[in-house]
Each structure stands twice: as C-alpha cells, then as structure tokens.
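Open the model in your viewer and keep the selection tool at hand. The stops below say what to select and what to look for.

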Amino acid sequence: MAKAKRAHKSAITLFTDGDYDGTLNRAYYAMHDAAKSALVYLYISGAEEIRTHSGLIAAFSQHLVKTGKVRGELGKMLSRAEQARLIADYSGVSIDGDKAKEHLANAKSFISEIENTIIKGMDTE
C-alpha cells in the first residue's frame with residue numbers, strides 16, 4: 001500500500017503542476033498498486049506474479065468484486081482508469097483537467113476502500 005500512496009501523492013503533485021496526463025498515469029498506478037496489495041494481502045495464489053494490467057484487473061474482479069469483498073464500482077474505477085491511462089500515455093490525446101481530477105478522486109477513494117475494507121477489515125475478523 002505504501003507504493004499506492006506514493007503514486008497518489010505524485011498524482012496530486014502532477015495535477016497541481018497542470019500535468020493532467022501524468023496525473024492520470026500516477027492515479028491509475030495508485031489504484032493498480034492498491035489492487036495488487038489487496039490480492040497479495042488476501043493470499044490469492046499467483047498474485048505476486050501477475051505481470052499484465054489485464055491480468056491484474058481480471059484477478060481483482062474475480063477475487064474481490066465477484067466475491068463481494070469490495071463494491072463493484074471499484075472494479076469499474078480500475079478498468080476506466082486503465083483505459084484512460086492508455087489514452088493519456090499512448091494516443092497523443094491530452095486528458096483535460098476535469099477528467100484528471102475525477103480519476104485523482106477515484107484513486108483516493110479506491111485506496112481508502114482497499115485499506116478500510118481489505119487491510120484493516122480483515123485484521124478485525
């Protein structure tokens with residue numbers, strides 16, 4: 001989770017500097033790292049070896065969303081952020097400030113929910 005929080009902090013800095021493509025990249029990776037942390041924390045077999053974005057998103061959906069451990073909206077947030085990151089990183093189309101702000105807020109919510117539902121939530125069970 002430390003890596004996820006660091007990426008989110010970087011996203012905030014980039015947003016403040018007006019780098020909306022960079023904001024989106026770091027916001028997505030904040031969610032990516034939080035999702036991977038949740039899978040590893042839950043001892044999901046093979047979680048540490050996941051090497052692709054689509055593999056991570058599929059594992060997150062299968063083991064956390066479909067089992068009801070997290071809200072389905074988190075899976076949608078992760079997928080939308082990954083699609084937007086691909087546009088920002090590879091298409092030459094710039095992300096606008098409103099879209100960057102939305103994904104930045106989603107990353108904060110995503111990290112918070114993973115922390116409170118999975119990490120802290122499982123510690124109290």
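With the side chain of which residue does the side chain of asparagine 25 make a polar contact at 3.1 Å? The side chain is that of arginine 26. A polar contact here is a pair of N or O atoms within 3.5 Å; within protein, one must be able to donate a hydrogen and the other to accept it, and residues adjacent in sequence count only if both atoms are side-chain atoms.

This is a predicted model, in which local features need pLDDT of at least 70 and side-chain atom pairs count only at pLDDT 80 or more, while totals for chains, interfaces and linings use all residues. Residues are numbered from 1 along each chain as its sequence is written, and side-chain values use heavy atoms, with hydrogens and water left out.

**Stop 1: asparagine 25**

Keep asparagine 25 selected; it lies in helix H2. Helices (H or I, at least four residues) are DSSP runs, numbered from the N terminus. Asparagine 25 has a relative accessible area of 16%, so it counts as buried. Buried means under 20% relative accessible area, exposed over 50%, and partly exposed in between, with a 1.4 Å probe and protein chains only. Leaving aside neighbours within four places in sequence, asparagine 25 is in contact (heavy atoms within 4.5 Å) with Arg85 and Asp89.

**Stop 2: serine 37**

Select serine 37, also a residue of helix H2. A polar atom of its side chain lies 2.9 Å from the backbone oxygen of aspartate 33. A polar atom of the serine 37 side chain also lies 3.2 Å from the backbone nitrogen of methionine 1.

**Stop 3: leucine 42**

Go on to leucine 42, in the loop between helix H2 (20-41) and helix H3 (53-65). Is leucine 42 buried or exposed? Its relative accessible area is 16%, so it is buried. Draw a distance from its C-alpha atom to that of tyrosine 20, 22 residues apart along the chain: the separation is 33 Å.

**Stop 4: aromatic rings**

Rings of Phe, Tyr and Trp (its six-membered ring) pair if their centres lie within 6.5 Å; planes under 30 degrees apart count as stacked, over 60 as edge-to-face and the rest as tilted. By this rule there are three aromatic pairs. One of them joins phenylalanine 15 and tyrosine 20, a tilted pair with 5.4 Å from centre to centre and 50° between the planes. Phenylalanine 15 is partly exposed at 23% relative accessible area, and tyrosine 20 is partly exposed at 29%. Next select tyrosine 28 and tyrosine 29: their ring centres are 5.0 Å apart and their planes are at 70°, so this pair is edge-to-face. Tyrosine 28 is buried, with a relative accessible area of 0%.

**Stop 5: helix H1**

Select residues 2-16, which make up helix H1. Its buried residues are Ala4, Ala7, His8 and Ala11. After H1 comes glycine 18, with a positive phi near 85°.

**Last stop: confidence**

Colour the chain by pLDDT, the predictor's confidence in each residue, from 0 to 100. The mean for the protein chain is 93, and 96% of its residues reach 70 or more. Confidence is highest in H1, at 98, and lowest in helix H5 (residues 97-123), at a mean of 90.

Note on methods. Helix = DSSP H or I, 4+ residues; strand = E, 2+ residues; numbered from the N terminus. Expected span 1.5 Å × (residues − 1).
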